[in-house]
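Here are my notes on this model, point by point. Please read them with the structure open.

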2 protein chains.
Amino acid sequence: MRARVEAHFETVLAGFADTKVTQGMRYAVSGGKRIRAILVTEGARLHDVRLERAIWPACAIEALHAYSLVHDDLPCMDDDDLRRGQPTVHVKWDEGTAVLVGDALQALAFEMAAHPDGAETSEARAELALTLARAAGGQGMVLGQALDIAAETAQTPLTLDQIITLQQGKTGALIAWAATAGPRMARADVTPLQTYANALGLAFQVRDDIIDVIGDATSAGKAVGKDAGAGKATFVSHLGLEAAKARARALAEEASDALSPYGEDAGPLRDLAQFVVTRTT
Amino acid sequence: MRARVEAHFETVLAGFADTKVTQGMRYAVSGGKRIRAILVTEGARLHDVRLERAIWPACAIEALHAYSLVHDDLPCMDDDDLRRGQPTVHVKWDEGTAVLVGDALQALAFEMAAHPDGAETSEARAELALTLARAAGGQGMVLGQALDIAAETAQTPLTLDQIITLQQGKTGALIAWAATAGPRMARADVTPLQTYANALGLAFQVRDDIIDVIGDATSAGKAVGKDAGAGKATFVSHLGLEAAKARARALAEEASDALSPYGEDAGPLRDLAQFVVTRTT
């Protein structure tokens, strides 16, 4: 799947003028675990949507995710120099370019979500664009980021419920969009994959907090230990390391259970849930 | 139209959580000339699309435009403290908030373009989202901005043709989307309004360059004289002031002529073309 995603971005971006922004876009969408793309293509496969079509929303969500990382890494945001073991976009180029790279990647995400070679019906394409906008915007991902920033200057650390709300926006909304894109393309019921995604998204974030404690920067490919250093409330600070691990495992189980309507066909999505809570990067 | 646009944004944003980002979004979409919204609603009226529906793409393009201004004004971009006579978003709040406000406004633009209460058919909604993404992204508006940044560090000033290419991306693509949204909603021929918009977009930019030379900051509501101060190639630096004015007038005529299939009904769009080339802000 990784190679397929890379190849698709290559093809699409080959039509763009050769500017620093296009170079930065190509750089920002390369690499990564492609969890969101896999959610799209596996969800699509379960609904008999061909990969040639599913690759469009799969790359849409990867473009959206890549834009969020480029902007997150900016000096005025998290100020990170390293991402996936490589210099971040504003370090390799400059801040202005990084702003524009993120902006163009967000637009590209919507172009890919609404692309006529993606979902077969216009109903599905319009709905993919609409739901992606809601998941990405001021009531979804950006809301999560806004709450995250507000928490940094708050007098009291976040409660566990507040962390969950924050993470449902910051990572959960896009993960849910990815998992449900397949049934949306087929105009089928999204409920089982929505339930799967809700548990998976939370498991993903619990594991992220665990990696920040147990990981090392080399294998994580990014700075670690930042949360504890900043006195930030996380799943680990609330639950302790062992209980956080147990919680992540329970959430992965819950995610797998939601897939029962798909039987054995959902094996790869069950594997993905296991991967999410055991990964070290 | 201004009051209608303001009211629609109020209604939509009332559903958002009260964060600095939502406050910044509300601030960024208030005021302005609403030229793009008027293009949408007038184009829609010519194709018998009701205002209740047209207001959605009208606000979509205003949200997209507002996001581009918020990011343009950032210190790492144009570094402007003043916009429409008011402090820019990063001055009133902070840079991180301004990045997120722009990001959320871009997502909101796509939510509004694809909204089921907007265009009646899913074909039209999917096409509005797709064409907006193309107009906004790395082959449209962001490309224009990338070329603009590249020009600042280039050894030789831009030629007139290069300025035209840059402006077609930076402002022309969104103006064309706005003017053609009406026929797209009605699934009608976009050609007359596309031709109108191409001339109008160029006229708009020629006039912007004229305002930068003849305007004063108080009436313009933003810094003026920046282009000449920076030794930047503009329509005025190439043509001279009087020839630039003549060019703007000729483009406004050209725009008006393209409206002939609509007869007298297109009066407001003809007036808009005249306004664009006589405005002082």
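1. Start at the end of chain B. B:T281 counts as partly exposed, because it has 14 C-beta neighbours inside 10 Å. On this scale a residue is buried if 20 or more other C-beta atoms lie within 10 Å of its own, exposed if 12 or fewer, and partly exposed in between, with C-beta atoms placed from the backbone. B:T281 sits in the segment after α15 (267-276) of chain B. B:T281 and B:R207 are 74 residues apart in sequence, yet 9.4 Å apart in space, C-alpha to C-alpha. Helix names follow DSSP runs numbered from the N terminus: helices are H or I of at least four residues, strands are E of at least two.

2. Some ground rules. This is a predicted model, in which local features need pLDDT of at least 70 and side-chain atom pairs count only at pLDDT 80 or more, while totals for chains, interfaces and linings use all residues. Residues are numbered from 1 along each chain as its sequence is written, and chains are lettered from A and ligands numbered from 1 in the order in which they are written.

3. The overall form of chain A. Its secondary structure comes to 15 helices and two strands. The C-alpha atoms of chain A fill a box of roughly 50 × 50 × 30 Å along the principal axes. A compact globule of 281 residues would have a radius of gyration near 19 Å, and the 18 Å of chain A agrees. That radius is taken over C-alpha atoms, and the globule rule is 2.2 Å times the number of residues to the power 0.38. Of the 281 residues of chain A, 55% count as buried. Among contacts in chain A with a separation of 6 or more, 70% join residues 24 or more positions apart. A contact here means C-beta atoms, placed from the backbone, within 7 Å.

4. How are the two chains related? Chain B can be laid on chain A with an RMSD of 0.0 Å by a turn of 180° and a shift of 0.0 Å along the axis. That is the relation of a two-fold axis. In chain B, the C-alpha nearest the axis belongs to B:A126, 2.1 Å from it. Both copies use the same surface: 100% of the contact residues of chain B recur in chain A. The superposition is by least squares on C-alpha atoms of residues with pLDDT of at least 70 in both copies.

5. The interface itself. Chain B gives 43 residues to the contact, and chain A gives 43 residues. On the chain B side, α2 (20-28), α6 (95-113), α7 (122-136) and α8 (141-153) each supply at least two residues. The largest share, 11 residues, comes from α6(B). The chain B side divides into 25 nonpolar, 11 polar and seven charged residues. Ala, Val, Leu, Ile, Met, Phe, Trp, Tyr, Cys and Pro count as nonpolar, Asp, Glu, Lys and Arg as charged, and the others, Gly among them, as polar.

6. The core. The largest nonpolar core has 192 residues, and those with the most contacts inside it include A:A129 and B:A129. Such a core is a set of buried Ala, Val, Leu, Ile, Met, Phe, Trp, Tyr and Cys residues joined through C-beta atoms within 7 Å. Leaving out residues up to four places away in sequence, B:A129 touches A:F110, A:A114, A:A126, A:A129, B:F110, B:A113 and B:A114.

7. Which side of α2(B) is buried? B:V21, B:T22, B:G24, B:M25 and B:A28 are the buried residues named there. They cover an arc of only 160° around the axis, so they lie on the same side of α2(B). The arc is that of the directions from the helix axis to the C-beta atoms. The buried residues of α2(B) pack against α8 (141-152) of chain A, and also against α1 (2-13), α4 (51-72), α5 (89-92) and α6 of chain B.

8. Two arginines to check. Phi of A:R84 is near 55°, a positive value in a residue other than glycine. A:R84 is in the loop between β1 (82-83) and β2 (86-87) of chain A. Phi of B:R34 is near 65°, also positive in a residue other than glycine. B:R34 is in the loop between α2 and α3 (35-46) of chain B. B:R34 counts as buried, because it has 21 C-beta neighbours inside 10 Å.

Definitions and conventions. Contact = placed C-beta atoms within 7 Å.
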